[in-house]
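Here is a friendly walk through a two-chain model, written for someone who likes to check geometry by eye. Please keep the viewer open while reading.

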Amino acid sequence: MARPLTLLGLVIVSVFLLMAVFGPLIAPYPFDAIIRGAARLPPSPEHLFGTDRLGRDVFSRVLWGAREIIAIPGIATALAVGFGTIIGLATGYLGGWLDEIVSRLMDSLLAIPALLLALALLGAIGSSPVGIIIVIVLLYVPIVARVIRSATLNLRSSGYIEAARLRGEPLMYILFREILPGVLPALAVESALRFSYAIFLTSSLGFLGLGVQPPTPDWGRMVSEGRESYATTPWALWFPAGAIALLVIGVNLLADGLRRILRYEGAA
Amino acid sequence: MPNPVIEARGVSMDYRLEKGWLNAVRDVSLSINPLGIHGLVGESGSGKSTLALALMGYLAPNARLSGGAVWLEGEDLFRKSQAELRALWGSQLSLVPQDSLAALNPAYTIGDQIAEVTRQHFGLSRRAAWQQAVEMLARVRIADPTSVARQYPHQLSGGMQQRVTIAMALSARPRLLVLDEPTTALDVTTEAVILDLFRELIQETQAAALYVSHNLGVIAQICDQVTVLYAGEVMASAPVRELYARPVHPYTIGLLASIPRPTTGVETRLPTIPGVAPALGDRPPGCVFAPRCPAALPHCFTDKPPLEMIAPGHQVRCHRWHEIVNGDVAILTQPEAAAPHVAHQLAAESVLSARGLRKTYGGAGWWRRLTRGSARRVRAVDDVTVRVRPQSTLGLVGESGSGKTTLARCIVGLETADDGQLELLAIPLDRRLARRSRAQLRELQMVFQNPNDTLNPYRTVGQTLERALERLSPQPLPPDQRRQRVLELLEVVRLTPDYADRYPAELSGGEKQRVAVARAFAADPALVVADEPTSALDVSVQAVVLNLLKDLRAQKGASYLFISHDLSAVAYLADWIAVMYLGQIVEEGTAEQVYQRPSHPYTEALISSIPVPDPAQAGGRIRLTGDAPRAADIPTGCRFHTRCPRKLGPVCETDAPPWQEAGGGHRIRCHIPAAELLALQVSAPKSD
């Protein structure tokens with residue numbers, strides 16, 4: 001069955017990934033180059049996305065910024081999914097007081113508003129890519145853990161898990177070899193979803209001035225700066241904002257397709 | 001001849017697939033007169049539910065009627081508009097579904113839900129409708145209808161819920177009642193009572209009924225005409241007594257022979273039907289049953305046999321019915337003798353012994369009470385002592401909630417018993433799984449109930465078996481030997497070597513269960529605990545698995561703890577029987593003692609409730625009134641006194657009954673002396 005939307009998502013995400021890797025190579029200008037006499041130019045063949053009020057090429061800056069906007073959420077999502085999976089598998093399978101304590105801890109983390117935690121934490125330790133990653137991991141581990149825990153609970157009483165227990169399989173084998181493959185569909189979808197939210201959060205932090213520090217370009221901060229000079233250089237807002245939106249939509253389409261494909265296979 | 005209530009002629013139905021239509025029901029005709037109970041039998045995928053719904057004029061959104069018509073008292077149902085049909089459903093045409101809890105709305109009281117039907121169809125006032133709802137509840141023999149009417153579905157037991165759906169179905173005085181496996185989820189004791197109720201109510205209401213079931217025993221008990229479906233086609237249709245006494249179609253003959261009966265005994269194997277039912281997509285061009293038919297001739301594979309009337313009301317679709325009726329072709333070979341089975345019935349030693357086993361849920365400790373909020377103690381297993389003798393099978397029977405599964409799980413270690421001693425092969429066995437030695441794990445394996453989650457869906461059959469061998473073999477096996485052993489195991493469970501590379505999704509339910517048996521036998525265990533291993537399987541497949549278990553016991557010298565609610569299946573395998581009621585064993589003895597002379601009043605009722613696939617034996621002698629008390633509030637004294645038909649008096653309510661020895665290892669836990677209980681059995685008329 002053809003899935004045009006999933007394909008579209010895949011294409012979008014691939015283009016952005018290529019941008020992250022090769023963007024700096026194909027960018028016509030360095031990200032911080034201030035081109036003399038070229039401030040506030042609208043998009044043209046020379047400056048595809050126009051220039052901002054300082055005379056920097058917006059196209060080049062968007063290309064340069066792709067690396068951060070994909071790497072930081074990417075690393076953070078990978079860590080959050082990793083920790084979340086381990087916690088979810090363990091609490092879901094073992095249950096008892098461990099589950100009780102860890103799950104309540106996770107619930108209390110979930111209760112903290114995302115931006116509040118980010119502002120407080122980054123305010124305390126200073127803004128840095130590592131700081132942003134820590135914030136995202138703290139925010140998403142409980143969510144991933146909860147999803148994996150409930151998927152694990154569904155499998156825990158399956159005959160094949162009980163058969164493994166009766167063979168005396170070690171805990172790690174049961175968690176990672178027997179249960180993990182079964183929760184993989186849920187995990188894949190959740191990872192893609194978390195990744196798209198992490199992109200949003202990272203750009204929001206950039207917008208608030210807590211992202212990657214200048215002069216490295218950051219789409220979020222570019223949106224923020226573009227907003228200030230919207231009257232004169234609207235394109236300086238349009239293009240980074242559009243890039244964020246497009247990337248998030250792409251990842252979401254992909255996640256949606258993934259969900260359908262994996263569910264289909266799971267049902268077979 | 002009265003006019004039939006419902007008449008289907010040449011009904012064919014298709015389901016929409018991605019490419020084209022899939023024919024699910026082909027050219028089926030049947031009619032039911034008032035007061036008639038028509039049985040529709042078939043294995044899963046035979047199209048019986050599709051057909052049943054079609055008789056109500058219902059088509060699933062992805063289904064179509066591709067031929068034929070259905071008339072309700074002369075009116076063509078499929079020419080009616082949706083609005084007209086909706087007016088008929090629930091009034092003229094009623095359905096009693098299998099899952100009664102799903103059919104009831106959890107947010108409304110029982111009374112409101114029944115009243116809704118009459119308000120809708122007869123425009124009764126709220127008060128009158130409620131009054132009638134209470135009356136309906138009384139009619140389905142609910143003891144306290146006024147208070148039950150005010151309760152919510154979840155507050156009722158499964159049997160009570162099913163009574164409520166029956167009350168609802170009957171409250172609009174339907175002309176046709178469609179009963180879709182209405183007792184499949186119930187215990188035999190409850191089932192027997194509900195079947196009696198159906199019979200009475202259909203008499204009372206003068207309705208016609210279609211009874212859909214896979215259970216030939218139940219069909220024999222209640223129906224007067226039976227239609228056998230196979231792969232969407234009618235194989236035979238006959239008056240019930242004729243179908244069971246003189247089945248003509250090879251499929252009917254095979255199906256009836258493959259059911260274990262309480263009298264089958266341990267010496268024989270069940271005759272089975274080879275092969276599996278065809279997928280609807282690739283039905284054979286000739287007779288659909290030909291590939292599995294022992295009497296098939298070459299032309300059976302090419303020419304479709306017509307449905308022929310061989311006697312009044314008796315139709316058969318078989319080319320060779322003449323020869324079968326005349327006895328020129330035998331469909332069944334003589335029942336094979338099972339491999340000689342030497343049960344060490346009186347052996348002093350045991351493979352497994354459990355003494356004073358207890359398992360209580362809830363109510364333990366302040367932490368649980370704080371976190372789980374429930375302080376109700378449920379004594380699931382309460383001071384149980386059992387033993388399994390070498391190379392023999394202990395059958396554990398009882399209603400749901402009797403604690404039989406918990407007992408089995410405590411023995412294998414999936415649950416940790418709170419108290420009691422376990423011994424495996426005369427060596428103490430820790431109650432905790434983690435403390436058991438590798439050798440003990442090897443000797444004690446289990447086969448689970450649900451074939452669909454018994455195998456890891458992400459591993460091939462070969463990988464699953466290899467892992468079991470790797471973990472459980474006494475000596476480490478090199479990979480090539482492991483592979484060899486996998487093939488041997490597959491052969492033992494009668495699967496071809498190519499199954500090693502298949503994933504569970506590519507296997508049928510029976511095949512999955514056979515792989516599960518192979519996994520349990522990977523390292524020649526001493527004891528295999530089988531918890532309802534065949535209850536999710538079709539009759540013809542169940543026979544294959546039961547035979548396999550029987551053969552393996554002889555081949556491998558293993559013992560079984562076999563748990564089932566199906567007393568006939570237990571009788572087929574077990575040498576010893578233990579009957580459980582509310583967490584305790586109430587009777588134990590050899591299979592013969594327990595089945596031929598069931599002495600405890602509970603066992604007696606249980607055995608008398610078995611739906612025997614023989615219409616001549618319809619309606620057992622003893623029915624239990626009321627439902628089993630919940631395990632959270634166990635009655636004082638004898639736990640069975642609330643339902644006991646032979647209750648002596650106050651002593652049963654206050655004192656726990658003693659064990660009575662009836663000789664030969666036969667023990668009964670009852671206040672009535674064993675000799676007296678046995679005498680009751682001898683004087684009672686034996687039905688078989």
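In chain A, residues 24 or more positions apart account for 70% of the contacts with a separation of 6 or more. Keep in mind throughout that this is a predicted model.

**Chain A**

Chain A holds 9 helices and 0 strands, and its elements, read from the N terminus on, run α-α-α-α-α-α-α-α-α. Along the principal axes, the C-alpha atoms of chain A fill a box of roughly 75 × 50 × 25 Å. Of its 268 residues, 44% count as buried.

One helix to look at is H4 of chain A, residues 114-125. With 12 residues, H4(A) reaches 17 Å from its first C-alpha to its last, close to the 16 Å expected at 1.5 Å a residue. After H4(A) comes Gly126(A), and the phi of Gly126(A) is positive, near 85°.

**Where the chains meet**

How many residues of chain A are in contact with chain B? There are 16 of them, and they are in contact with 21 residues of chain B. On the chain A side, helix H3 (96-111), helix H6 (159-166) and helix H7 (171-207) each supply at least two residues. H6(A) gives the most to this side, with 6 residues.

Chain B has an open sheet of 8 strands, in the order S6-S7-S8-S3-S9-S10-S12-S11, with mixed pairing. Its edge strands are S6 (93-96) and S11 (308-311) of chain B, each of which pairs on one side only. On average, neighbouring strands of this sheet are turned by 25° against each other, direction ignored. Helix H7 of chain B, residues 158-170, packs on the sheet and touches S6 and strand S7 (176-180) of chain B. The direction of H7(B) makes about 175° with that of S6(B).

S8(B), residues 208-213, pairs in the parallel sense with S3(B), residues 37-41, over 5 bridges. S7(B) and S8(B) also pair in the parallel sense, over 5 bridges. The table shows residues that stand opposite each other in these pairings.

| Residue | Opposite residue in S8(B) |
|---|---|
| Ile37(B) | Ala209(B) |
| Val41(B) | Ser213(B) |
| Leu177(B) | Ala209(B) |

Is S8(B) mostly covered or mostly open? It is mostly covered: 6 of its 6 residues are buried. In a regular strand, side chains alternate between the two faces of the sheet. Here Ala208(B), Leu210(B) and Val212(B) point one way from S8(B), while Ala209(B), Tyr211(B) and Ser213(B) point the other way, and all are buried.

**A helix pair in chain B**

Two packed helices are described by the angle between their axes and the distance between the axes. For H4 (residues 110-122) and H5 (residues 126-139) of chain B, the angle is about 115° and the axes lie 8 Å apart. The crossing of H4(B) and H5(B) is right-handed. H4(B) brings Gly111(B), Ile114(B), Ala115(B), Thr118(B) and Arg119(B) to the contact. From H5(B) come residues including Arg126(B), Trp130(B), Val134(B) and Met136(B). The residues of this contact divide into 7 nonpolar, 3 polar and 2 charged.

Technical notes. Residues are numbered from 1 along each chain as its sequence is written. Chains are lettered from A and ligands numbered from 1 in the order in which they are written. This is a predicted model: local features need pLDDT of at least 70, side-chain atom pairs count only at pLDDT 80 or more; totals for chains, interfaces and linings use all residues. Two residues are in contact if their C-beta atoms, placed from the backbone, lie within 7 Å. Helices (H or I, at least four residues) and strands (E, at least two) are DSSP runs, numbered from the N terminus. The expected span of a helix is 1.5 Å times one less than its number of residues. Two strands pair if DSSP finds at least two bridges between them. Axes are lines fitted to C-alpha atoms, for helices over the stretch in contact, and angles run from 0 to 180 degrees between N-to-C directions. A residue is buried if 20 or more other C-beta atoms lie within 10 Å of its own, exposed if 12 or fewer, and partly exposed in between; C-beta atoms are placed from the backbone. A crossing is left-handed if the near helix is turned anticlockwise from the far one by less than a right angle, and right-handed if clockwise. Ala, Val, Leu, Ile, Met, Phe, Trp, Tyr, Cys and Pro count as nonpolar, Asp, Glu, Lys and Arg as charged, and the others, Gly among them, as polar.
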